[in-house]
Amino acid sequence: MPNRLANETSPYLLQHAENPVDWWPWSPEAFAEARERGVPVMLSVGYSSCHWCHVMAHESFEDELAAAYMNEHFVNVKVDREERPDVDAVYMEAVQAATGQGGWPMTVFLTPDAEPFYFGTYFPPEPRHGTPSFMQILEGVRTAWVGRPEEVAEVAQRIVRDLAGRQLDYGKAGAPGPGELAQALLGLTREYDAARGGFGGAPKFPPSMVLEFLLRHHARTGAEGALQMAADTCEAMARGGIYDQLGGGFARYSVDREWVVPHFEKMLYDNALLCRVYAHLWRATGSDLARRVALETADFMVRELRTTEGGFASALDADSEDPLTGEHAEGAYYAWTPARLAEVLGEADGALAAAYFGVTDEGTFEHGTSVLQLPQDGPVVEAAVIAGIRERLLAARAERPAPGRDDKVVAAWNGLAIAALAECGAYFDRPDLVERATEAADLLVRVHFDAAAGRARLARTSKDGRVGANAGVLEDYGDVAEGFLALASVTGEGVWLEFAGFLVDLVLDRFTAEDGSLYDTAHDAEQLIRRPQDPTDTAAPSGWTAAAGALLSYAAHTGSQAHRSAAERALGVVHALGPRVPRFIGHGLAVAEALVDGPREVAVVGHLEDPALAGLHRTALLGTAPGAVVAVGLPRAADGSGGEFPLLAERTLVRDLPTAYVCRHFVCARPTTDPVELGDQLGAVHP
């Protein structure tokens with residue numbers, strides 16, 4: 001019999017709707033039930049493409065005995081961390097403070113007042129390697145709750161007090177300048193893995209936001225070391241197993257330092273961010289590899305993540321059914337052996353593919369299978385031959401059972417995808433990608449926006465065109481505004497600037513503290529035991545610095561000093577943290593590069609039917625000046641008629657030719673009709 005999750009829209013929650021556990025969604029009613037019964041709450045947090053979430057569900061939540069014990073002694077609450085990042089953030093902070101580590105699935109035991117008193121992540125069905133079994137944990141918590149209630153209450157209250165004492169105080173720090181950015185680069189250099197690319201050891205995550213900072217720092221300062229770190233890391237990832245050598249797109253992370261074996265889930269946010277990074281690397285260097293990977297990743301998102309309504313789904317699972325064994329296994333969709341290659345390609349081409357993609361008899365993954373790579377010492381093969389092999393292997397792989405897809409549309413991650421697809425479409429003459437970006441933006445406006453007076457908001461998720469119940473958090477506002485601003489620059493449609501302005505004004509009104517720091521939830525959001533406020537990046541940009549970037553770009557477009565001042569105050573956190581922990585505030589460092597550089601304001605005016613206008617516009621978009629904003633269209637008269645952007649106001653054409661104006665820090669360069677001169681004003685341009 002289905003439990004209370006059967007009516008939810010989250011694919012993750014629906015995966016648990018048939019469990020024998022009597023799950024509740026996160027709700028006041030669940031805590032009221034715990035209060036009435038006098039039992040603790042067991043909170044389980046995960047997400048649909050999480051491998052170990054599936055493992056624990058199968059081992060424990062589908063077990064009748066474990067479920068019966070849970071139902072008798074606890075109120076059990078299941079949360080999709082992607083729908084409720086605020087709930088996840090608050091309790092993950094407690095888990096990390098108590099245990100020194102975190103992850104998913106996250107298991108937290110709470111009082112009926114939602115105060116945590118015991119924590120963990122994955123618990124096995126029987127004791128392993130010093131870790132107690134899940135039943136032992138349940139029995140231990142139950143014993144403490146019944147036998148030592150005063151001790152449990154004291155622990156819970158102390159944890160809540162400790163969390164409250166972690167309030168950030170970065171509002172008084174000044175905006176970061178060149179000195180802090182240089183220190184951040186030095187810190188990254190110390191942590192850089194020169195042999196393999198990337199930062200740190202295993203597991204190794206794609207450092208998307210740090211790479212964007214490195215590219216911007218090089219553009220502003222000419223620091224070759226910054227560009228080299230970015231380019232070498234991008235090449236190492238693109239050659240590794242973390243990148244899908246057949247279908248494009250990146251997995252979540254590599255379990256090793258060499259980028260060989262991925263954790264196979266594919267997330268929208270990773271692919272959107274990396275698609276944009278590789279496009280920007282191509283813009284800076286003209287790298288053929290960067291161009292190929294940017295386009296393949298864009299095509300992957302459109303082909304495999306686009307929903308019927310025009311948005312982009314959240315993720316593809318790591319697990320799928322192994323066609324040989326019939327069992328669900330991680331990476332079954334992606335792994336190969338020499339024999340399987342020969343079966344698809346024939347002996348000769350199979351041997352060639354094995355050498356080219358690093359598929360060995362021993363295997364690089366599990367059970368003698370290999371993840372496809374592009375080893376540096378592989379054979380040199382004609383591009384047409386490899387293209388044919390890839391096509392045949394991709395067709396054969398499509399016959400395998402596909403990984404599951406989490407179809408919910410998350411506003412923030414779609415904002416990242418909109419920016420990436422719009423820019424790729426503009427750079428690589430792919431108007432279809434700009435169309436897909438526009439369709440996703442249309443969906444966010446139609447479904448996720450509620451512009452009603454007095455309750456304007458952006459919803460966090462939708463599914464099948466139906467809006468979810470959860471309010472957007474700060475990252476939704478910042479990332480969607482960023483996507484709309486990129487779309488405005490690419491399309492010349494001022495409506496996207498207007499929508500971005502609507503969002504950043506809500507950030508100022510509902511997410512900003514008096515000292516200029518930013519909260520992850522709105523002032524009128526559900527009150528948790530702590531109001532989350534985290535300026536550091538996770539797998540995606542922090543909401544704090546994403547919003548700061550959108551505020552800065554909007555200010556550059558409009559000349560609004562209020563929005564620029566808000567961005568500068570918010571970036572005080574980068575002044576404080578950038579030199580100390582640059583790996584964890586990469587997006588803030590990238591935004592700070594734009595602040596230090598200006599950012600430059602580019603107005604391109606001309607007759608819309610003049611083909612020279614498109615050429616000048618593309619040159620502007622290809623400029624590497626950090627965070628430059630671009631407006632294109634008809635000149636805007638003093639009365640507001642004409643062009644759709646404030647930057648076009650009273651810009652005149654030189655000799656009736658399309659003309660570009662580049663300004664920063666209240667100073668404008670000479671108007672130019674020459675793309676080469678415009679390129680010089682905006683940094684190196686790849687033609």
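**Exercise 1. Which residues lie nearest the centre of the largest cavity, and how many residues line this cavity?**

Solution. The model is a predicted one, in which local features need pLDDT of at least 70 and side-chain atom pairs count only at pLDDT 80 or more, while totals for chains, interfaces and linings use all residues. Residues are numbered from 1 along each chain as its sequence is written, and side-chain values use heavy atoms, with hydrogens and water left out.

Begin with the terms: on a 1 Å grid over the protein atoms alone, a cavity is a set of points where a 1.4 Å probe fits but cannot get out, whereas a pocket is an open set with protein on both sides within 12 Å along at least five of seven lines, and lining residues have an atom within 4 Å of a point. Grid points are joined across faces, edges and corners, and a volume is the space filled by probe spheres set on the points.

By this rule there are 3 cavities of 30 Å³ or more, and the largest has a volume of about 130 Å³. Its lining holds 17 residues, and Gly241, Tyr243, Asp244, Tyr334 and Val371 are those nearest the centre. To sort the lining, count Ala, Val, Leu, Ile, Met, Phe, Trp, Tyr, Cys and Pro as nonpolar, Asp, Glu, Lys and Arg as charged, and the others, Gly among them, as polar; the result is 11 nonpolar, 3 polar and 3 charged residues.

**Exercise 2. Which element gives the most to the lining of the second largest cavity?**

Solution. Elements are DSSP runs numbered from the N terminus, helices being H or I of at least four residues and strands being E of at least two. Strand E16 (461–463) and strand E17 (466–467) are the elements that give two or more residues to this lining, and E16 gives the most, with 3 residues. By class, the lining has 1 nonpolar, 4 polar and 4 charged residues.

**Exercise 3. Describe how helix H9 packs against helix H10.**

Solution. Two packed helices are described by the angle between their axes and the distance between the axes. Axes are lines fitted to C-alpha atoms, for helices over the stretch in contact, and angles run from 0 to 180 degrees between N-to-C directions. For H9 (residues 208–221) and H10 (residues 224–239), the angle is about 145 degrees and the axes are 8 Å apart. Contact means heavy atoms within 4.5 Å, and on the H9 side Leu211, Leu214, Leu215, His217 and His218 meet H10 residues including Leu227, Met229, Ala230 and Met237. The residues of this contact divide into 9 nonpolar, 3 polar and 1 charged.

**Exercise 4. Is Glu593 buried or exposed, and which residues does Glu593 touch?**

Solution. First locate Glu593, which is found in helix H23 (residues 586–597). Glu593 counts as buried because its relative accessible area is 0%, where buried means under 20%, exposed over 50%, and partly exposed in between (1.4 Å probe, protein chains only). Leaving aside residues up to four places away in sequence, Glu593 touches Leu181, Phe213, Arg216, His217, Arg220 and Pro626.

Arg216 is also one of the residues nearest the centre of the second largest pocket, which is lined by 46 residues and has a volume of about 760 Å³. Both H9 and H23 are among the elements that supply at least two residues of that lining.
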